[in-house]
Amino acid sequence: MVFYFKSKRKMKKKNVLIFGSGSIGTHHANAAISLKNNVYITDKKKSQLINMVNNIYPSRYGSWNKNISCIDYKNVFELKNFFDLIIIGVPPKFHLSVLKTCIKNLRFKKVLIEKPLCVYNQNYRFLKKKNIAKKIYCGFNHSVSQSFNSFLKKFKSLPKKNITINITWKESFDLVLKAHPWLRSLGESYLSNVKIGGGVAHEYSHALHIFLILKMMLFKNENPKFLKKISYKKIKTNIYDNNLYLSFRKNKKTLNLYLNGTNNPPIKKIEVLIGNKKKLTWVRKLDKNLEIVEKKHKKYKKENIKISRRGDFIQELKLLLFKNKDKSIEFLRLDYSIMVMTLLKSIFRKNV
């Protein structure tokens with residue numbers, strides 16, 4: 001696939017460096033190479049890098065792509081390349097430390113940190129400095145999908161009185177583990193420990209991101225009442241949140257979020273009701289590779305959009321590398337991810 005400017009000139013290849021060769025790093029490597037970039041990937045664990053080349057990547061994409069350059073971690077910070085994009089796809093507790101090392105040792109235009117920005121109990125204030133803030137993005141790629149953009153356009157046209165929005169994001173952690181077959185159980189993963197980025201609020205922070213986008217659109221400058229209910233599970237000495245309910249309410253306007261780590265098959269949907277009548281829905285149906293947007297006027301108008309997990313990452317990298325003027329890129333910017341972190345802090349305050 002080749003991209004062109006309006007003048008039809010062939011675009012120059014971009015340099016993309018990826019930290020982390022697990023599930024996320026593999027998705028990003030495939031997306032970046034599919035967009036005809038120069039792609040470099042590294043991992044502190046050499047065994048994990050080898051596993052990606054021999055197992056993870058071929059199992060997902062047929063065979064290893066030899067155009068992807070694997071770099072020994074000890075040699076990465078000696079690279080003299082200018083990187084158009086650095087992607088940090090390591091566990092959340094390491095996001096900020098890897099970023100600091102990149103700032104100190106590498107030359108780059110943008111950094112994409114996988115969601116969430118970091119763990120709720122970490123200090124990210126240094127990111128607000130002017131010389132770095134505009135370069136940082138966070139990987140909430142569901143929020144920049146074609147279907148979610150379509151949903152938002154339809155949502156803007158609805159009346160905002162006597163309105164209820166229900167976001168349901170429920171997915172078993174067993175399904176997450178299937179994407180990480182080198183992990184034998186949840187207890188072997190950071191997912192079982194909220195203090196290092198585990199639990200549903202961190203792992204499914206895509207939903208928190210969407211929750212906050214809709215909060216801004218629904219309440220604007222209002223100060224709605226915030227409610228939360230949270231429950232935890234324990235594996236040995238680790239504790240993680242497994243069920244979460246959040247709500248904002250004011251003046252007959254309600255925004256609810258329901259999260260859990262147990263549903264199989266998963267449920268990912270948004271429903272908008274005016275009064276008690278459903279007016280707009282967004283549903284992600286992975287079993288049918290569809291995202292469906294339905295709006296009711298006199299009758300339901302249904303919009304089916306084909307999706308794939310691979311496509312989510314390709315769309316995200318297109319925005320960051322080639323479509324800098326696309327308005328939806330705003331949802332990936334640092335200020336939105338900081339709002340998610342602020343919400344995470346409020347979720348776990350006095351709970352953990």
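Figure 1. Strand β11 (residues 267-274) lies antiparallel to strand β12 (residues 277-285), and 6 bridges link the two. Strands, of at least two residues (E), and helices, of at least four (H or I), are DSSP runs numbered from the N terminus; two strands pair if DSSP finds at least two bridges between them. Glu 271 faces Thr 281 in β12. This is a predicted model, in which local features need pLDDT of at least 70 and side-chain atom pairs count only at pLDDT 80 or more, while totals for chains, interfaces and linings use all residues. Residues are numbered from 1 along each chain as its sequence is written, and side-chain values use heavy atoms, with hydrogens and water left out.

Figure 2. Angles run from 0 to 180 degrees between N-to-C directions, and axes are lines fitted to C-alpha atoms, for helices over the stretch in contact.

Figure 3. Of the 15 residues in α9, 13 are buried, where buried means under 20% relative accessible area, exposed over 50% and partly exposed in between (1.4 Å probe, protein chains only). The helix reaches 21 Å from its first C-alpha to its last, close to the 21 Å expected; the expected span is 1.5 Å times one less than the number of residues. Just after α9, Lys 220 has a positive phi of about 50 degrees. A nonpolar core is a set of buried Ala, Val, Leu, Ile, Met, Phe, Trp, Tyr and Cys residues joined through side-chain atoms within 4.5 Å. The largest core has 112 residues, and Phe 19, Phe 151 and Phe 155 touch the most other members. Its largest share, 10 residues, comes from α9. Residues up to four places away in sequence aside, the contacts of Phe 155 include Leu 214, Met 217, Leu 218, Val 272 and Leu 280.

**Figure 4. The open sheet of 6 strands.** The order here is β3-β2-β1-β4-β5-β6, and the pairing is parallel. The edge strands, β3 (68-72) and β6 (136-138), each pair on one side only. Between β4 (residues 82-88) and β5 (residues 107-113) there are 6 bridges, and Phe 82 stands opposite Arg 107 in β5. Helix α1 (residues 23-34) packs on the sheet, and its direction makes about 165 degrees with that of β2 (38-43).

**Figure 5. Two buried serines, Ser 189 and Ser 346****.** Ser 189 lies in the loop between α7 (173-178) and α8 (200-203). Its relative accessible area is 9%, so Ser 189 counts as buried. The side chain of Ser 189 reaches the backbone nitrogen of Leu 191 at 3.0 Å. Ser 346, in helix α11 (residues 334-348), is buried because its relative accessible area is 15%. The side chain of Ser 346 reaches the backbone oxygen of Leu 343 at 2.7 Å.

Terms used
A polar contact is a pair of N or O atoms within 3.5 Å; within protein, one must be able to donate a hydrogen and the other to accept it, and residues adjacent in sequence count only if both atoms are side-chain atoms. Contact means heavy atoms within 4.5 Å.
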